[in-house]
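Please read its points alongside the sequence and the coordinates.

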Amino acid sequence: MRISRLSRRLSRAYIRARFLGLRAAVFGLLLLVGTGAASANQDTQLEASILRVKPAVVLISSDVEADVEVSCGDGSTHHVRPDPIYETGSGFVVHPDGFIATNGHVVTRFYEMNERQLAGEFLKKAVAQACGPALAMVPDGARNARLLEIVADPANQGKVQLSKKLLVHLSTGVIYQAEVKAYSPAIKSEEGPSGGERASAGGKLEPERSGKDVAILKVGGHDFPTVRLAPNSAALKLGEQIFVVGYPGVVLNHDFLSRKSRLEASVTVGRVSGFKTDINDRRVIQTDAAITWGNSGGPALNLRGEVIGAATFISTTLEGDQAIQGFNFLIPVDSFHEFGRQIGLVPDPDAPFTKAWTQAVDAYFRGEYRRSLDRTDAALRIMPGFPDLERLRAEVQMRVDEHPRFLRRRLAIGLGIGLIAAGFLLGTGVRAWRRRGRGAASSAVLRIDPEDLRRRLDAGSDVTLVDARHGVAFDGSPVQAAGAVRFDIDHPDEPALRVHVNPDGEVVAYCTCPDEATSARVALLLMRAGYRRVSVVREGFPAMVDAGIAVMPKDTDRALSALAAREGRLVEATDPGTPEIHP
């Protein structure tokens with residue numbers, strides 16, 4: 001009897017232990033799935049925030065040039081244009097009417113009254129360029145002394161004519177002339193707090209305290225993309241993830257990158273690693289996000305897409321010629337609010353473009369592809385040409401084409417936690433599989449270099465060009481390749497195409513969107529329709545123009561266009577790759 005009771009107790013204890021072990025295993029599995037889901041959600045939030053803000057980040061360039069009249073002391077006079085002083089930085093649009101925030105030191109050469117210093121620098125360069133060759137056989141010491149004498153010659157004083165330009169470049173390639181509305185110079189470590197003088201642009205000189213390193217610029221125009229400024233930086237926490245957007249010089253001046261891609265802002269990701277004060281006892285934010293020359297003035301943002309500061313200075317080696325990454329600094333957003341109030345500027349993050357683009361990005365990440373397509377088109381109608389918008393449009397258009405009756409997935413109420421986890425994992429796998437499938441299909445389309453295409457056209461090869469540009473990319477361009485046949489992916493007309501294009505002939509499609517996405521889609525449609533020799537132009541229509549392929553106005557008769565292309569006659573047209581400068 002006692003043995004039987006003991007046996008029952010042991011059995012119950014064993015069952016209880018098994019049940020507790022099962023509960024622990026299920027809890028551990030759910031914790032693992034939950035952690036993975038949280039990480040995936042954070043990555044998605046980061047990607048969405050980056051997409052929302054990139055159109056509002058701009059490249060800023062300061063260009064100082066000089067015409068110099070030089071007398072070398074032998075009675076001759078030389079007119080010299082030394083190499084200009086060209087500097088770049090980054091900035092971000094804070095109001096749709098063209099107000100842009102950046103660092104003060106990005107615009108210092110343009111803004112401060114430094115003409116005497118600049119004239120001296122250009123005069124030295126001009127003297128070396130004009131008088132140096134005649135002294136080539138003179139020993140170095142004597143030669144340098146003679147050049148300094150020529151620089152100091154009263155006949156060469158006041159002979160330097162300076163010109164300054166401050167330009168703002170959008171990632172669309174459009175360039176605007178800018179003026180400075182508010183300014184504070186950068187901190188000077190060798191001087192500490194000090195005064196400076198403002199602007200050579202005219203007006204009363206005003207002393208300004210060094211160290212806040214803030215500038216507010218204004219360009220002509222309206223309906224610009226904008227970013228949202230955080231109310232202040234007080235809510236930042238150590239270890240909080242942030243990202244920095246800007247135009248680092250190492251990318252902007254890279255020999256292996258095209259001009260178009262260099263005009264796209266770069267993104268680096270890091271965390272808040274400290275709160276410091278500068279030598280003027282002003283607060284700065286330390287981060288391990290990578291920053292280098294050219295990032296200055298670019299926004300640093302939290303995962304909600306709010307600007308919490310701007311890149312201002314980095315850490316370098318003792319020689320100052322090499323950046324030490326991981327120890328970089330931001331000025332807090334509070335300084336931009338302060339300078340905005342000084343000029344009566346109230347930041348406006350809810351511009352029409354920004355509203356439409358934000359809705360497009362949000363709809364995309366919810367899987368509402370038709371809604372995303374509609375909102376992307378709305379943003380492009382306001383201001384066309386942004387690479388990120390064109391890429392997203394091509395992506396959502398492909399998804400809409402693949403799933404014309406796509407409905408939003410909704411989880412049924414009452415399903416267990418295990419089913420939710422399984423659905424999440426299955427959905428992730430299916431999306432990854434679809435992405436791989438689309439990538440494989442697009443990459444299967446043959447690419448042809450524009451130079452190779454030009455040589456084949458010049459040699460008289462029987463090649464039919466298909467203009468696959470659509471929407472604003474086609475409507476906003478006055479020209480197309482000579483002899484090209486239009487095929488609008490939004491309104492495909494295959495029977496009409498067959499009238500002009502032999503299915504057994506060679507067909508080459510081109511567009512202007514990133515990664516040849518639209519022309520690749522057209523190529524796939526043509527191959528499914530029976531066209532066997534189909535390829536697309538690598539880097540699209542701008543690369544064709546650069547390669548010298550003939551273009552003609554879109555309304556010119558197709559037969560004349562084809563004849564001009566075959567005979568290699570020169571056709572005058574506007575170069576779509578040439579940026580337009582707005583005063």
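**Note on helix packing and selected residues**

1. The crossing of helices α8 and α10 is left-handed. Their axes come within 12 Å and cross at roughly 40°, and the two helices are therefore oblique to each other. On the α8 side the contact is made by F353, W357, A360 and Y364, and on the α10 side by D388, L389, L392, E395, V396 and R399. By class, the residues of this contact divide into 7 nonpolar and 3 charged, with no polar residue.

2. The model under discussion is a predicted one. Its protein chain comes to 17 helices and 24 strands. Of the 583 residues of that chain, 46% count as buried. Among contacts between residues at least 6 apart in sequence, 73% join residues at least 24 apart.

3. Helix α10 (residues 387–402) also packs with helix α9 (residues 369–382), at an angle of about 150° and with the axes 9 Å apart. Angles over 145 degrees count as roughly antiparallel, and α9 and α10 are therefore roughly antiparallel to each other. The crossing of α9 with α10 is left-handed.

4. Which residues bring α9 and α10 together? From α9 come Y369, R370, S372, L373, T376, D377, A379 and L380, which meet L389, L392, R393, V396, Q397, R399 and V400 of α10. The contact of α9 with α10 has 8 nonpolar, 3 polar and 4 charged residues.

5. The whole structure holds 7 aromatic pairs. In the pair F353 and F386, the ring centres are 5.3 Å apart and the planes stand at 55°, so the pair is tilted. F353 lies in helix α8 (residues 352–365) and F386 in the loop between α9 and α10, so the pair ties together parts that are 33 residues apart in sequence. F353 is buried, with a relative accessible area of 1%; F386 likewise counts as buried, at 1% relative accessibility. F353 is also one of the α8 residues in the contact with α10.

6. Y364, F365 and Y369 form one aromatic cluster.

7. A separate site deserves attention at V107, in the loop between β4 (99–102) and α2 (108–111). Is V107 buried or exposed? At 0% relative accessibility, V107 counts as buried. Leaving aside neighbours within four places in sequence, V107 is in contact with L166, V180, Y183, A215 and L217. The C-alpha atoms of V107 and G89 are separated by 8.6 Å, the two residues being 18 apart along the chain.

8. D281, in the loop between β12 (266–277) and β13 (283–287), has phi near 65°, a positive value in a residue other than glycine. At 61% relative accessibility, D281 counts as exposed.

9. The position of E539 is in the loop between β22 (533–537) and α16 (540–546). With a relative accessible area of 51%, E539 is exposed, since the cut-off for that class is over 50%.

Note on methods:
Residues numbered from 1 in each chain as written. Predicted model: local features only at pLDDT ≥ 70, side-chain atom pairs only at ≥ 80, totals over all residues. Heavy atoms only, no water. Axes fitted to C-alpha atoms, helices over the stretch in contact; angles between N-to-C directions. Helix = DSSP H or I, 4+ residues; strand = E, 2+ residues; numbered from the N terminus. Parallel < 35°, antiparallel > 145°, perpendicular 65-115°, else oblique. Left-handed = near helix turned anticlockwise from the far one by under 90°. Contact = heavy atoms within 4.5 Å. Nonpolar A, V, L, I, M, F, W, Y, C, P; charged D, E, K, R; others polar. Buried < 20%, exposed > 50% of the residue type's maximum accessible area, 1.4 Å probe, protein only. Phe/Tyr/Trp six-rings, centres within 6.5 Å; stacked < 30°, edge-to-face > 60°.
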